[in-house]
Amino acid sequence: MNRSTAIGVGSVVVLVALSAYAVSTQAWKLLVVSWAAFAAMAFAAPFGARSRTEHAEGLVWGYGLASGAMVTSAAVFLVPQAIGHHPQFGGFGIAFGILAGFGAHTVGHRFAHMDFPMDRTVTELSAHAVSAGAIIGIVYGNIDVGVGLGLAIVSHKGPAGYAAARRLAGKNKSVYPLLLPAAGLGIAAIVSSAVSLPATAAFRGIVFGFASGVFLHVAMDFLPRCEIGSEIHDLLSVEDEHAHTILDRLRVHAAISTVVGGGAVFAAWLLLG
(Lines give C-alpha, C1' and ligand atoms only; values in the text may rest on other atoms or scores of the structure.)
Protein backbone atom coordinates (compact mmCIF):
# COMPACT_ATOMS: atom_id res chain seq x y z
CA MET A 1 0.00 0.00 0.00
CA ASN A 2 1.57 3.31 -1.08
CA ARG A 3 1.27 6.56 0.84
CA SER A 4 -1.61 8.05 -1.19
CA THR A 5 -3.64 4.84 -0.87
CA ALA A 6 -2.95 4.72 2.87
CA ILE A 7 -4.21 8.31 3.22
CA GLY A 8 -7.40 7.36 1.36
CA VAL A 9 -8.06 4.32 3.52
CA GLY A 10 -7.21 6.26 6.67
CA SER A 11 -9.77 8.93 5.78
CA VAL A 12 -12.50 6.28 5.70
CA VAL A 13 -11.46 5.14 9.19
CA VAL A 14 -11.71 8.74 10.40
CA LEU A 15 -15.17 9.12 8.82
CA VAL A 16 -16.37 5.97 10.58
CA ALA A 17 -15.07 7.24 13.92
CA LEU A 18 -16.69 10.66 13.46
CA SER A 19 -19.93 8.98 12.40
CA ALA A 20 -20.08 7.38 15.83
CA TYR A 21 -19.88 10.88 17.30
CA ALA A 22 -22.63 12.08 14.95
CA VAL A 23 -24.84 9.20 16.11
CA SER A 24 -24.24 10.18 19.74
CA THR A 25 -25.42 13.74 18.99
CA GLN A 26 -28.33 12.44 16.86
CA ALA A 27 -27.15 14.39 13.81
CA TRP A 28 -29.00 11.98 11.54
CA LYS A 29 -29.48 14.32 8.59
CA LEU A 30 -25.82 15.24 8.47
CA LEU A 31 -24.89 11.58 8.77
CA VAL A 32 -27.07 10.68 5.78
CA VAL A 33 -25.59 13.48 3.68
CA SER A 34 -22.01 12.58 4.64
CA TRP A 35 -22.37 8.92 3.73
CA ALA A 36 -24.38 9.70 0.60
CA ALA A 37 -21.45 11.84 -0.59
CA PHE A 38 -19.03 9.04 0.20
CA ALA A 39 -21.14 6.39 -1.52
CA ALA A 40 -21.69 8.50 -4.64
CA MET A 41 -17.98 8.95 -5.29
CA ALA A 42 -16.77 5.60 -3.94
CA PHE A 43 -19.22 3.54 -6.01
CA ALA A 44 -18.86 5.61 -9.19
CA ALA A 45 -15.06 5.45 -9.18
CA PRO A 46 -14.71 1.70 -10.03
CA PHE A 47 -16.97 2.14 -13.05
CA GLY A 48 -14.84 5.04 -14.23
CA ALA A 49 -11.65 3.04 -13.69
CA ARG A 50 -12.93 0.15 -15.81
CA SER A 51 -14.10 2.42 -18.61
CA ARG A 52 -11.74 2.64 -21.54
CA THR A 53 -14.31 4.14 -23.86
CA GLU A 54 -16.69 6.78 -22.58
CA HIS A 55 -20.05 7.88 -23.85
CA ALA A 56 -19.87 11.64 -23.45
CA GLU A 57 -23.67 11.81 -23.38
CA GLY A 58 -23.76 9.93 -20.06
CA LEU A 59 -21.31 12.33 -18.43
CA VAL A 60 -23.26 15.32 -19.77
CA TRP A 61 -26.43 13.99 -18.17
CA GLY A 62 -24.66 13.18 -14.90
CA TYR A 63 -23.21 16.67 -14.58
CA GLY A 64 -26.37 18.33 -15.89
CA LEU A 65 -28.74 16.62 -13.47
CA ALA A 66 -26.42 17.30 -10.51
CA SER A 67 -25.76 20.95 -11.33
CA GLY A 68 -29.43 21.65 -12.02
CA ALA A 69 -30.40 20.14 -8.67
CA MET A 70 -27.66 22.07 -6.87
CA VAL A 71 -28.58 25.45 -8.36
CA THR A 72 -32.24 24.95 -7.50
CA SER A 73 -31.58 23.70 -3.97
CA ALA A 74 -29.20 26.53 -3.10
CA ALA A 75 -31.62 29.11 -4.52
CA VAL A 76 -34.65 27.68 -2.71
CA PHE A 77 -33.29 26.45 0.63
CA LEU A 78 -30.25 28.65 1.36
CA VAL A 79 -30.74 32.01 -0.33
CA PRO A 80 -34.06 32.72 1.47
CA GLN A 81 -32.38 31.85 4.79
CA ALA A 82 -29.61 34.38 4.12
CA ILE A 83 -31.96 37.14 2.98
CA GLY A 84 -34.36 36.35 5.81
CA HIS A 85 -31.66 36.97 8.42
CA HIS A 86 -30.58 40.27 6.84
CA PRO A 87 -31.37 41.35 3.24
CA GLN A 88 -28.23 43.45 2.68
CA PHE A 89 -25.69 41.35 4.58
CA GLY A 90 -27.25 38.22 3.12
CA GLY A 91 -26.82 39.67 -0.36
CA PHE A 92 -23.21 40.60 0.34
CA GLY A 93 -22.62 37.08 1.63
CA ILE A 94 -23.98 35.56 -1.59
CA ALA A 95 -21.74 37.79 -3.68
CA PHE A 96 -18.68 37.04 -1.55
CA GLY A 97 -19.42 33.31 -1.70
CA ILE A 98 -19.58 33.27 -5.50
CA LEU A 99 -16.39 35.31 -5.78
CA ALA A 100 -14.60 33.19 -3.17
CA GLY A 101 -15.63 30.02 -4.98
CA PHE A 102 -14.25 31.34 -8.24
CA GLY A 103 -11.05 32.49 -6.56
CA ALA A 104 -10.50 29.17 -4.80
CA HIS A 105 -11.13 27.24 -8.03
CA THR A 106 -8.76 29.46 -10.00
CA VAL A 107 -5.96 29.48 -7.44
CA GLY A 108 -6.47 25.74 -6.95
CA HIS A 109 -4.90 25.11 -10.34
CA ARG A 110 -1.58 26.09 -8.78
CA PHE A 111 -1.65 22.61 -7.24
CA ALA A 112 -0.42 21.42 -10.62
CA HIS A 113 2.94 23.05 -9.88
CA MET A 114 3.30 21.84 -6.31
CA ASP A 115 4.62 18.60 -4.88
CA PHE A 116 1.90 16.58 -3.14
CA PRO A 117 1.85 12.90 -2.13
CA MET A 118 -1.23 12.40 -4.33
CA ASP A 119 -2.28 13.05 -7.90
CA ARG A 120 -3.27 16.65 -8.64
CA THR A 121 -6.83 15.62 -9.47
CA VAL A 122 -7.21 13.90 -6.08
CA THR A 123 -5.69 16.91 -4.29
CA GLU A 124 -8.07 19.37 -5.95
CA LEU A 125 -11.09 17.16 -5.29
CA SER A 126 -10.04 16.77 -1.65
CA ALA A 127 -9.68 20.51 -1.15
CA HIS A 128 -13.11 21.04 -2.70
CA ALA A 129 -14.67 18.28 -0.57
CA VAL A 130 -13.29 19.64 2.70
CA SER A 131 -14.38 23.23 1.99
CA ALA A 132 -17.87 22.16 0.87
CA GLY A 133 -18.18 19.81 3.84
CA ALA A 134 -17.25 22.57 6.29
CA ILE A 135 -20.02 24.78 4.93
CA ILE A 136 -22.57 21.95 4.92
CA GLY A 137 -21.72 21.16 8.55
CA ILE A 138 -22.19 24.78 9.64
CA VAL A 139 -25.52 24.97 7.81
CA TYR A 140 -26.89 21.75 9.32
CA GLY A 141 -25.46 22.57 12.71
CA ASN A 142 -27.24 25.94 12.92
CA ILE A 143 -30.52 25.78 11.00
CA ASP A 144 -33.23 23.17 10.55
CA VAL A 145 -33.06 22.13 6.91
CA GLY A 146 -34.17 18.91 5.30
CA VAL A 147 -31.86 16.16 4.14
CA GLY A 148 -32.86 16.89 0.54
CA LEU A 149 -30.71 20.04 0.45
CA GLY A 150 -27.57 18.13 1.36
CA LEU A 151 -28.30 15.29 -1.04
CA ALA A 152 -28.77 17.75 -3.90
CA ILE A 153 -25.56 19.57 -2.98
CA VAL A 154 -23.48 16.36 -2.97
CA SER A 155 -25.14 14.89 -6.07
CA HIS A 156 -22.17 15.96 -8.19
CA LYS A 157 -19.88 13.56 -6.30
CA GLY A 158 -20.95 10.63 -8.48
CA PRO A 159 -20.06 12.04 -11.92
CA ALA A 160 -17.00 13.78 -10.46
CA GLY A 161 -15.73 10.49 -9.03
CA TYR A 162 -16.41 8.68 -12.30
CA ALA A 163 -14.51 11.23 -14.37
CA ALA A 164 -11.61 11.43 -11.90
CA ALA A 165 -11.26 7.63 -11.74
CA ARG A 166 -11.23 7.44 -15.51
CA ARG A 167 -8.41 10.00 -15.68
CA LEU A 168 -6.40 8.15 -13.02
CA ALA A 169 -6.88 4.79 -14.73
CA GLY A 170 -5.80 6.37 -18.02
CA LYS A 171 -2.49 7.22 -16.32
CA ASN A 172 -2.25 3.68 -14.88
CA LYS A 173 -2.73 5.05 -11.35
CA SER A 174 -4.75 3.57 -8.50
CA VAL A 175 -8.20 4.99 -7.79
CA TYR A 176 -8.02 4.19 -4.06
CA PRO A 177 -6.74 7.72 -3.24
CA LEU A 178 -10.20 8.95 -4.27
CA LEU A 179 -11.38 7.62 -0.92
CA LEU A 180 -9.97 10.84 0.56
CA PRO A 181 -12.26 13.29 -1.30
CA ALA A 182 -15.09 10.77 -0.94
CA ALA A 183 -14.77 10.76 2.86
CA GLY A 184 -13.40 14.30 3.21
CA LEU A 185 -16.77 16.01 2.84
CA GLY A 186 -18.33 14.01 5.67
CA ILE A 187 -15.28 14.45 7.91
CA ALA A 188 -15.32 18.24 7.53
CA ALA A 189 -19.11 18.40 7.81
CA ILE A 190 -19.32 16.48 11.09
CA VAL A 191 -16.46 18.47 12.64
CA SER A 192 -17.81 21.88 11.56
CA SER A 193 -21.35 21.06 12.70
CA ALA A 194 -20.12 21.67 16.26
CA VAL A 195 -19.55 25.36 15.42
CA SER A 196 -22.31 27.50 16.91
CA LEU A 197 -22.90 30.78 15.09
CA PRO A 198 -23.69 34.02 16.95
CA ALA A 199 -27.39 34.85 16.86
CA THR A 200 -26.94 38.32 15.33
CA ALA A 201 -28.95 38.72 12.13
CA ALA A 202 -26.15 40.44 10.19
CA PHE A 203 -23.58 37.75 11.00
CA ARG A 204 -25.91 34.90 10.11
CA GLY A 205 -26.93 36.70 6.93
CA ILE A 206 -23.28 36.89 5.86
CA VAL A 207 -22.58 33.24 6.75
CA PHE A 208 -25.64 31.71 5.10
CA GLY A 209 -25.27 34.06 2.15
CA PHE A 210 -21.65 32.96 1.78
CA ALA A 211 -22.73 29.32 1.87
CA SER A 212 -25.36 30.03 -0.79
CA GLY A 213 -22.81 31.75 -3.02
CA VAL A 214 -20.23 28.98 -2.71
CA PHE A 215 -22.75 26.28 -3.57
CA LEU A 216 -24.11 28.33 -6.48
CA HIS A 217 -20.57 28.66 -7.81
CA VAL A 218 -19.92 24.93 -7.41
CA ALA A 219 -23.18 24.16 -9.19
CA MET A 220 -22.35 26.47 -12.09
CA ASP A 221 -18.82 25.06 -12.26
CA PHE A 222 -20.31 21.61 -12.83
CA LEU A 223 -22.62 22.75 -15.64
CA PRO A 224 -21.72 20.52 -18.61
CA ARG A 225 -19.76 22.63 -21.09
CA CYS A 226 -19.81 21.10 -24.53
CA GLU A 227 -17.05 23.20 -26.08
CA ILE A 228 -13.84 22.49 -27.96
CA GLY A 229 -11.14 21.79 -25.39
CA SER A 230 -13.59 20.93 -22.62
CA GLU A 231 -13.65 17.67 -20.65
CA ILE A 232 -16.61 16.54 -22.75
CA HIS A 233 -14.69 17.25 -25.96
CA ASP A 234 -11.70 15.27 -24.69
CA LEU A 235 -13.92 12.17 -24.51
CA LEU A 236 -14.74 12.31 -28.21
CA SER A 237 -12.41 10.19 -30.30
CA VAL A 238 -13.30 11.96 -33.56
CA GLU A 239 -11.80 14.62 -35.76
CA ASP A 240 -12.56 18.23 -34.86
CA GLU A 241 -14.87 18.76 -37.84
CA HIS A 242 -17.07 15.88 -36.63
CA ALA A 243 -16.70 16.93 -33.00
CA HIS A 244 -18.50 20.20 -33.72
CA THR A 245 -21.59 18.30 -34.86
CA ILE A 246 -21.55 15.99 -31.84
CA LEU A 247 -20.99 18.87 -29.42
CA ASP A 248 -23.95 20.73 -30.91
CA ARG A 249 -26.14 17.70 -30.16
CA LEU A 250 -24.69 17.35 -26.67
CA ARG A 251 -25.47 20.99 -25.91
CA VAL A 252 -29.15 20.14 -26.24
CA HIS A 253 -28.71 17.28 -23.77
CA ALA A 254 -26.83 19.62 -21.42
CA ALA A 255 -29.67 22.15 -21.42
CA ILE A 256 -32.38 19.52 -20.94
CA SER A 257 -30.51 17.68 -18.17
CA THR A 258 -30.04 20.82 -16.07
CA VAL A 259 -33.74 21.64 -16.36
CA VAL A 260 -34.67 18.08 -15.40
CA GLY A 261 -32.33 18.25 -12.37
CA GLY A 262 -33.89 21.47 -11.20
CA GLY A 263 -37.39 20.20 -11.93
CA ALA A 264 -36.77 17.10 -9.85
CA VAL A 265 -35.99 19.26 -6.81
CA PHE A 266 -39.12 21.33 -7.44
CA ALA A 267 -41.27 18.20 -7.75
CA ALA A 268 -39.81 16.74 -4.56
CA TRP A 269 -40.48 20.01 -2.73
CA LEU A 270 -44.12 19.97 -3.87
CA LEU A 271 -44.60 16.36 -2.81
CA LEU A 272 -42.87 16.66 0.56
CA GLY A 273 -44.30 20.11 1.28
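This is a predicted model: local features need pLDDT of at least 70, side-chain atom pairs count only at pLDDT 80 or more; totals for chains, interfaces and linings use all residues.
Two packed helices are described by the angle between their axes and the distance between the axes. For helix α2 (residues 28-50) and α8, the angle is about 170 degrees. Their axes lie 8 Å apart. An angle over 145 degrees counts as roughly antiparallel, and α2 and α8 are therefore roughly antiparallel to each other. On the α2 side, the contact is formed by L30, L31, S34, A37, F38, M41 and A42. Helix α8 contributes L179, P181, A182, A183, L185, G186, A189 and I190. By class, 13 of the residues in this contact are nonpolar and two are polar.

Helix α8 spans residues 179-192 and includes S192. The relative accessible area of S192 is 9%. Buried means under 20%, so S192 is buried. A polar atom of the S192 side chain lies 3.3 Å from the backbone oxygen of A189. Residue A189 is also one of the α8 residues in the contact with α2. Beyond four places in sequence, S192 touches G133, A134, G137 and I138.

Apart from neighbours within four places in sequence, S126 is in contact with L180 and P181. Residue P181 also takes part in the contact between α2 and α8.

Notes:
Residues are numbered from 1 along each chain as its sequence is written. Side-chain values use heavy atoms; hydrogens and water are left out. Helices (H or I, at least four residues) and strands (E, at least two) are DSSP runs, numbered from the N terminus. Buried means under 20% relative accessible area, exposed over 50%, partly exposed in between (1.4 Å probe, protein chains only). A polar contact is a pair of N or O atoms within 3.5 Å; within protein, one must be able to donate a hydrogen and the other to accept it, and residues adjacent in sequence count only if both atoms are side-chain atoms. Contact means heavy atoms within 4.5 Å. Axes are lines fitted to C-alpha atoms, for helices over the stretch in contact, and angles run from 0 to 180 degrees between N-to-C directions. Angles under 35 degrees count as roughly parallel, over 145 as roughly antiparallel, 65 to 115 as roughly perpendicular and the rest as oblique. Ala, Val, Leu, Ile, Met, Phe, Trp, Tyr, Cys and Pro count as nonpolar, Asp, Glu, Lys and Arg as charged, and the others, Gly among them, as polar.
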